[in-house]
Amino acid sequence: MYKVFVNDKPLFLTNEISRETNFQLFLLESIDIEQLIVKIFQNKIQKAYLYHPDEKEIMKTLKAKIPVNKAGGGLVYNKKGEVLFIFRNGKWDLPKGGIEKGEEIEATAIREVEEETGVNQLRITNKLQKTYHVFKRNGKYKLKITHWFEMHTDFEGTPQGQLEEGIEKVAWLNPEQIKEALKNSYENIKLLFEEENQLKQ
C-alpha cells in the first residue's frame, strides 16, 4: 500500500478492500484524479482509498494520471546524533529538492542538503523509504516522489538556511526537540521518523 499526502491528508493506494467505513473508496482506473485532489484540498474529503487490483500497477497507474516530480532529501545526523532540520513556511521540515537533468538521485539529495543548509561532508549511510505528496505549481497538480537517504556528517560549522528557498532557520535537534518539532511538521516527515525509530531500536 502507498500513502500519498494531499494537503497533509492521506490518500491510500491499495489492492485490498478494507472493512473500515470512515473513508471514501474510489477506483484508481476510472477516477478523475484532479477532481479528487481538489475535493481533498477543499476539505470535502478527509481520507480516501484508491483501489487497484494489481499492486505492481498501482503507482504506474497513478503516474499516468498526474505529472511527477522526482526529488531527493536527507535525514542527516551529526557526531552528537542530532538531526538536521529546516524551518520553512511555518513548519519544520527536512532538506530536499528536485532532481536535475542527468543527476543520480543520491547526488540530488546531497546537493540539496548542502544548498539548503550549508552543511557539507555528507556521507549516505542508508536508503530510506520514498514519500509521496501532491502539490500545486503554476495552477497544475503534481505528484512529488521524494527519495530519502540517511546521512552522516562531521560538519562543525554553523548551518545557514538558503534564503531564496524561504528557509528561515536551520537547526540540529536532539531526540526530545525532534518530538516537539514533529508536532509542527508534515505527515511525510513523521513517516520517516517512524521508520527510523524502528531501525534504531
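Trainee: What does the side chain of Thr14 reach, and at what distance?

Mentor: Keep in mind that this is a predicted model. In it, the Thr14 side chain reaches the backbone nitrogen of Glu16 at 3.0 Å.

Trainee: Where is Thr14 found, and is Thr14 buried or exposed?

Mentor: Thr14 is in strand β2. Thr14 has a relative accessible area of 4%, under the 20% cut-off, so Thr14 counts as buried.

Trainee: Which residues is Thr14 in contact with?

Mentor: Leaving out neighbours within four places in sequence, Thr14 is in contact with Met1, Tyr49, Leu50, Tyr51, His52 and Ile58.

Trainee: And Ile17, where is that one found?

Mentor: Ile17 is found in the loop between β2 (9-14) and β3 (24-27). Ile17 counts as exposed, because its relative accessibility is 56%. Residues up to four places away aside, Ile17 touches Leu25 and Tyr51.

Trainee: New topic, helix α2. Which residues of α2 are buried?

Mentor: In α2, residues 55-65, the buried ones are Ile58, Met59, Thr61 and Leu62. They cover an arc of only 160 degrees around the axis, so they sit on the same side of α2.

Trainee: What does the face turned away from the buried side carry?

Mentor: That face of α2 carries the exposed residues Lys56, Lys60 and Ala64.

Trainee: And what covers the buried residues of α2?

Mentor: The cover includes β1 (2-6), β2, α1 (33-41), β9 (122-137) and β10 (140-153).

Trainee: What about the start of α2, which residue does Asp54 reach there?

Mentor: A side-chain oxygen of Asp54 comes to within 3.0 Å of the backbone nitrogen of Lys56.

Trainee: OK, cores. Which residues touch the most other members in the largest nonpolar core?

Mentor: That core has 23 residues, and Leu11, Leu50, Leu62 and Leu143 touch the most other members. Two or more residues come from each of β1, β2, α1, β4 (48-51), α2, β9 and β10. The biggest giver is α1, with four residues.

Trainee: Why would residues like that group together?

Mentor: In soluble globular proteins, nonpolar side chains tend to be buried together.

Trainee: What does Leu143 touch?

Mentor: Not counting residues up to four places away in sequence, the list includes Val4, Met59, Leu62, Ile66, Pro67, Tyr132 and Phe135. Another core lies apart from the largest one; it has 17 residues, among them Tyr77, Trp92, Ile178 and Ile189.

Trainee: Switching to strand β11. Is it enclosed or open?

Mentor: Largely enclosed by the rest of the structure, because five of the seven residues of β11 (167-173) are buried. Strand β6, residues 83-88, pairs with β11 in the antiparallel sense over six bridges.

Trainee: Which residue in β11 is the bridge partner of Arg88?

Mentor: Ile167 is the partner. Arg88 itself lies in β6. With a relative accessible area of 11%, Arg88 falls under 20% and is therefore buried.

Trainee: What does the Arg88 side chain reach?

Mentor: The backbone oxygen of Glu165, at 3.3 Å. Setting aside residues up to four places away in sequence, Arg88 touches Asp93, Lys96, Glu116, Glu165, Gly166, Ile167, Glu168 and Tyr186.

Trainee: What feature does UniProt place at residues 67-195?

Mentor: The unreviewed UniProt entry has "domain: Nudix hydrolase" there. In the model, that span is 23% helix and 46% strand, and its end C-alpha atoms lie 27 Å apart.

Trainee: Two more residues. Where does Ile105 lie, and what does Ile105 touch?

Mentor: Ile105 lies in helix α3, residues 105-117. Ile105 is buried, with a relative accessible area of 10%. Beyond residues up to four places away in sequence, Ile105 touches Lys70, Ala71, Gly72, Ile99, His147 and Phe149.

Trainee: And Lys190, where is that found?

Mentor: Lys190 is in helix α5, residues 187-200. Lys190 counts as partly exposed, because its relative accessibility is 23%. Residues up to four places away in sequence aside, Lys190 touches Leu182 and Ser185.

How values were computed. Residues numbered from 1 in each chain as written. Predicted model: local features only at pLDDT ≥ 70, side-chain atom pairs only at ≥ 80, totals over all residues. Heavy atoms only, no water. UniProt positions renumbered as here; feature names shortened; annotations may be inferred. Buried < 20%, exposed > 50% of the residue type's maximum accessible area, 1.4 Å probe, protein only. Contact = heavy atoms within 4.5 Å. Arc of directions from axis to C-beta. Polar contact = N/O pair within 3.5 Å; in protein donor to acceptor, adjacent residues only side chain to side chain. Core = buried A, V, L, I, M, F, W, Y, C linked by side-chain atoms within 4.5 Å. Pairing = 2+ DSSP bridges.
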